[in-house]
Structure formats: C-alpha cells, structure tokens
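Open the model in your viewer and keep the selection panel at hand.

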Amino acid sequence: MGSMDRSKRRNRLWKKALLHFALCFVVGFFTGFAPPSTATFFSGGAAERRPVRSIGILPAAPGDVVERVVEPGVAVNRSMVEIPRSVPAATGGNGDVGDDPPPDMEGAGARGPQAPSRRLLIIVTTTSSNDRFQGAFLRRLAHTLRLVPPPLLWIVVQAHAEAPATAAMLRTTGVMYRHLTFRENITDPAAEAHHQRNVALSHVEYHRLTGIVHFAGASNVYDLRFFDEIREIEVFGTWPVAVVSENRKRVVVDGPICHSSKVEGWILKDLSNDRRLLVTSSDVSSRPPNINISGFAFNSSILWDPERWGRPTSLPDTSQDSIRFVHEIILEDETKLKGIPAGCSKIMVWHLYMPRVIPLPFHYQNPR
C-alpha cells in the first residue's frame, strides 16, 4: 500500500509541474506578440502624478512646428520625432522641461486637415555702389522678410568688390538667401540695376527655382499681407505702387486700375495736391510705357518653360536679356495679368525715392 501511495504522489507532482510549465510557456509565447511598452498594469496612477519628462516635436504643415506633450510610460515613435535647429530646447539642469503650463490637449484631436504647402517666394534685390543708405535699407528689408511665412528665398546681387561687408550682414538676418556677385564695371546706375536683375534671373533659370519672382527694392516698404497675395499668382500679377519722395514732398501712384482681378487700365497720378485719388478718364491709359519694377511678379517657370504659358520659345534678341523678355510677355497680353489685391483697391507696396548722393572728396585747407 505504501508503495502505491508514493507512486500516486509522484504522478500528482509531475502533473502539477507539467501544468505549470505549459501555462508559463503559453503566457510567454503570447507575451512575445505584445507591442513593446514600458507601461505596466500598475503604473497608471503613478504616471498621472509624475511630472512631464519629455516633449516630442512632430512634423506638421511646412514651416510649422507642433509640440505634443508625451507622458511617461507612453511609447513614442522616434522615427517621427524632428527637432528643428532653429527651435532650441530650453531645459533645466536636470533635464526637466521648464515650468510653462502644458498646452491644451482637448482641441488637439479636433485639428482640421493640414494646410496646403505654400509656394516659394523668390525676392530679388539689387544694390548700388553709390547708395550711402544701402546697408541700413538692406537690414530693414531683412527684418521685413523674416516676418514672412516660409518658404522664401532672398537673392541679393552686388558688385564683387563690395560683397564682403554685405555677406557678413546677411549671415545674421535669419533669412534664407543667396548672395550673387558680378565683376563687370558699370558706371550707369540704371544699366547696373538692369544687369543685376539679369544676373538674378539667370541664376533662377539655371537652377530651375520654381516659385513667384518679385523685385524688391532695398528702400521698399511692405504690407505683410502683400506676400500672401502674390503667392496666389498663377502666371503674372501686378498692383499699384506708391512712390514717395520726401525731399520733393510728392506721392505718385503708379499701377493698374482693376475690376475684381482683371486689369482694365493704368494710371500714373501725382497725389501731392489730390489726396482723394479721384481718377478720371484722362488719367487712365490703355497700355503703360513701362511697368514699375516693384509693381509686378511672375511665375519663374516662364524663364525655362515658355511653351507652358503659350509661347513657342524665347526671342533671339532677348535670350540673354531675361528681364526684357519678361516685360515683353507682360505687355503683349494683359489678359494673363492678375490685379492684386481684389480691385487693386489698396496700396501694399511703397517705394521710397532717395536721390543718389555721391560723397565729395574732402580737401584740407591750411588756415592762415
């Protein structure tokens, strides 16, 4: 009897051991399919009481950065984390995030669709060797362009001999730029500006920079809403420009007359004695002799893909003169022009006219 009892006990022990082994094997097998996570069944209450230890910055619409608070114990897809260099992380000595209150997460899930990508703005600025205010004007324009939502590329063209000082300034602006130089010695200011614009357009054409090109004078003053308007241009766009002359105490409006976005005529009116801007039929002309260089913008693809816009090819006499080529296209077919803003009813660009002052040489006279 005793031997039979002992054999029954051994059988029970073996059965229990096999049962425990099978149970552990099954649990371990299915646990291997569970997603990796640092959370446990007992960490929920502790996670609620612990402070925020990390912030994941996830990519959103172009030019925007969205910060989402990541609580401890929640897995983060590290492949989606992006920390732009222009947004340094402010942390304390122990790695904790500062005491700023966390963002409101209630509306995070109610975000609408991402905004469509913006068009690149290509802003071209020419310079002059005889402009004593050039450095101040370039820095002021840089501060304006910093406020424009990206993407934006600022192309500054300058004589090679004067480039180092401007290059040092451009590196501190925080604006994406390209500094182009030339070695030709041009004494006529108008011819020099024309040459610089061709240098910039040749660069745009060679690298096929797709965007909206606008010539911004260093002394121009802008309404920031203007840059949102020109992003909507499909082919060509134009608008009125106010030319302000402090020394002469004159304000001249130069630009189109529009009905909605359709250009119906052009004006060049002096408002020095007429601030109400009463436009009569005698003030309106059907075709302008020239369009103010700061009064139009165009799609850069016209430079290397003219067939896309209804032209067979560039003309032989303008193949090396891109700015003349663009002017001819604009003036030959005004139906492609879009007047902005709607009705051309607002002045959004002011050009400050500054007479060129050439410093005279100083001659020392010996007093007697």
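**Stop 1: the sheet.** Select six strands: they form an open sheet with mixed pairing, in the order β7-β15-β9-β10-β11-β12. At the edges stand β7 (220-222) and β12 (284-285); each has a single partner strand, so one side of each lacks a neighbour in the sheet. Strands here are DSSP runs of E, at least two residues long, and helices are runs of H or I of at least four, numbered from the N terminus. Two strands pair if DSSP finds at least two bridges between them.

Before going on, note that this is a predicted model, in which local features need pLDDT of at least 70 and side-chain atom pairs count only at pLDDT 80 or more, while totals for chains, interfaces and linings use all residues. Residues are numbered from 1 along each chain as its sequence is written, and side-chain values use heavy atoms, with hydrogens and water left out.

Strands of a sheet pair through backbone hydrogen bonds, either parallel or antiparallel. Both kinds can be picked out here. Show β10 (residues 250-259) with β11 (residues 262-270): they run antiparallel and are joined by eight bridges. Pick Pro256, and opposite, in β11, is Trp266.

Move to β9 (residues 241-245). Five bridges join β9 to β10, again antiparallel. Val244 has Val251 of β10 as its bridge partner. Now turn to β15. β9 and β15 pair in the parallel sense, over five bridges. Val243 stands opposite His351 in β15.

**Stop 2: the disulfide.** How many disulfides are there? The count comes to one, taking a disulfide as a pair of cysteine sulfur atoms within 2.5 Å. Select Cys258 and Cys344: their sulfur atoms are 1.9 Å apart. Cys258 lies in β10 and Cys344 in the loop between β14 (337-339) and β15 (349-353), so the pair ties together parts that are 86 residues apart in sequence. The torsion about the S-S bond is about -55°, so this disulfide is left-handed.

Are these two cysteines buried or exposed? Cys258 is buried, at 12% relative accessible area. Cys344 is buried too, with a value of 12%. Buried means under 20% relative accessible area, exposed over 50%, and partly exposed in between (1.4 Å probe, protein chains only). Now select Cys24: at 55% relative accessibility, Cys24 is exposed.

**Stop 3: the nonpolar cores.** In soluble globular proteins, nonpolar side chains tend to be buried together. The largest nonpolar core here has 34 residues. A nonpolar core is a set of buried Ala, Val, Leu, Ile, Met, Phe, Trp, Tyr and Cys residues joined through side-chain atoms within 4.5 Å. Select Ile122, Ile155, Phe215, Phe236, Phe296, Phe298 and Leu303, the residues with the most contacts inside this core. Elements giving two or more residues to the core include β3 (121-125), β4 (152-159), β6 (212-215) and β13 (296-299). The largest share, six residues, comes from α7.

Centre on Phe215. Beyond its neighbours within four places in sequence, its contacts (heavy atoms within 4.5 Å) include Val124, Leu201, Tyr222, Phe296, Phe298 and Ile323. A second, separate core has 28 residues, among them Leu141, Phe226, Met348 and Val349.

**Stop 4: helix α5.** This helix has 19 residues and reaches 27 Å from first to last C-alpha, close to the 27 Å expected, which is 1.5 Å times one less than the number of residues. Its buried residues include Glu192, Gln196, Arg197, Leu201 and Val204. Among the elements covering the buried residues of α5 are β3, β5, β13 and α7.

Stop 5: Go to Gln134 in helix α3 (residues 134-146). Gln134 is buried, at 10% relative accessibility. Its side chain reaches the backbone nitrogen of Ser128 at 2.6 Å. Gln134 also touches Thr127 and Gln158.

Step across to Thr166, in helix α4 (residues 163-170). Thr166 is buried, with a relative accessible area of 8%. The side chains of Thr166 and Gln158 make a polar contact at 2.9 Å. A polar contact is a pair of N or O atoms within 3.5 Å; within protein, one must be able to donate a hydrogen and the other to accept it, and residues adjacent in sequence count only if both atoms are side-chain atoms. Thr166 is also in contact with Leu138 and His179.
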